[in-house]
Amino acid sequence: MTLFQEFKSEEVLAAVLRVLKAKEILTDDELVAQMASTDSANPGQGARMVAKAWLDPVYKSQMLTNGTRAAEMIGIPMLGMPPLGVLENVGNIHNLVVCTLCSCYPRAVLGYPPYWFKSATYRSRAVRDPRGLLAEFNTTLADNVIINVVDSTADYRWMVLPQRPEGTDGWSEEQLAKIVTLGDMIGVSLPRA
Ligand code: FE
């Protein structure tokens, strides 16, 4: 039995919080603010980034260079979050994000992960059989499309910048943001007009 297994998880959490406070690493107010910001994050935030990138090439290049900064530019709080990387779907490259180890996920821009993201099935099939996995999400890619499976980690979180779908010419940023789903930004689906 390991040290942690001897304690209930609530006891471990309480002990960690005591140490963080005692060492003045985290105050109660900071903790509450961090929890509020995590609880209020949702896929609409990532969708706003995607829609803006589709309309604004300068923003798009900033987003691909530094996702964290691009999120902050549109008012998404990123303080204390792991760096955010953005993977662009282009031509015959399609990106799929997974955390093979556990459930690392860009919560700041997408909110809490969907239940399947944390499942052993998703995590293993994303690596072993990404095309079969996408089929489960009713996503079919052309045979010449290469699926780039990217591992989200504790140090670096990834989101996908999908391709703008046909039939969206002249749409506003708000209209475009509405068609971008959570799955599109993980890479299990494609936005549709
Ligand atoms: Fe993880």
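## Iron site

C99 and C104 are both buried, meaning under 20% relative accessible area with a 1.4 Å probe on protein chains only; exposed means over 50%, and partly exposed lies in between. This is a predicted model, in which local features need pLDDT of at least 70, side-chain atom pairs count only at pLDDT 80 or more, and totals for chains, interfaces and linings use all residues. Residues are numbered from 1 along each chain as its sequence is written, and side-chain values use heavy atoms, with hydrogens and water left out.

C99 and C104 also take part in an iron site. The iron ion is coordinated by C99 through SG, C102 through SG, S103 through N, and C104 through both N and SG. These contacts span 2.1 to 2.7 Å. Donors here are N, O and S atoms within 2.8 Å of the metal (3.2 Å for Na, K and Ca); water is not among the atoms, so sites may look incomplete. Along the chain, the donors of the iron ion follow the spacing C-x2-C-S-C.

## Overall layout

The protein chain has 10 helices and four strands. These are DSSP runs numbered from the N terminus: H or I over at least four residues for helices, E over at least two for strands. In sequence order, the pattern of the protein chain is α-α-α-α-α-β-β-α-α-α-β-β-α-α. The C-alpha atoms fill a box of roughly 55 × 35 × 25 Å along the principal axes. Of the 193 residues in the protein chain, 39% are buried.

The domain assignment gives domain 1 (8–38) and domain 2 (42–186). Such bounds come from an automatic or database domain assignment. Taken over C-alpha atoms, the centres of domain 1 and domain 2 are separated by 29 Å.

## Strands β1 and β4

Strand β1 covers residues 84–88 and runs parallel to β4. Five bridges join β1 to β4; at least two DSSP bridges are needed for a pair. Across this pairing, V86 stands opposite M159 in β4.

Why is strand β4 (residues 157–161) largely enclosed by the rest of the structure? Four of the five residues of β4 are buried, so the strand is largely enclosed.

## Pockets

The largest pocket has a volume of about 240 Å³. On a 1 Å grid over the protein atoms alone, a pocket is an open set of points with protein on both sides within 12 Å along at least five of seven lines, while a cavity is a set where a 1.4 Å probe fits but cannot get out; lining residues have an atom within 4 Å of a point. Points are joined across faces, edges and corners, and a volume is the space filled by probe spheres set on them. The largest pocket is lined by L26, E30, A33, Q34, S37, P77 and L79. Its lining has four nonpolar, two polar and one charged residues. Nonpolar covers Ala, Val, Leu, Ile, Met, Phe, Trp, Tyr, Cys and Pro; charged covers Asp, Glu, Lys and Arg; the others, Gly among them, are polar.

The second largest pocket has a volume of about 180 Å³. Its lining includes N89, G91, I93 and H94. L141, A142 and V145 also line this pocket, as do Q163, R164 and P165. L190 and P191 belong to the lining too. By class, the lining of the second largest pocket has seven nonpolar, four polar and one charged residues.

## An enclosed cavity

How many cavities of 30 Å³ or more are there? The count is one. The largest cavity has a volume of about 60 Å³. Among the residues lining it are M78, M81, P82 and L84. Y105, P106, R107, A108, V109 and R157 also line the cavity.

Helix α6 (residues 107–110) gives the largest share of this lining, three residues. By class, the lining of the largest cavity has eight nonpolar, no polar and two charged residues.

## Loop residues

E24 lies in the loop between α1 (9–22) and α2 (28–40). E24 has a positive phi of about 55 degrees, although it is not a glycine. Its relative accessible area is 73%, so E24 is exposed.

N138 sits in the loop between α8 (130–136) and β3 (146–151). N138 has a positive phi of about 60 degrees and is not a glycine. N138 counts as exposed, at 66% relative accessibility.

N66 occupies the loop between α4 (57–65) and α5 (67–73). Is N66 exposed or partly exposed? With a relative accessible area of 34%, N66 is partly exposed. N66 and G170 are 104 residues apart in sequence and 27 Å apart in space, C-alpha to C-alpha.
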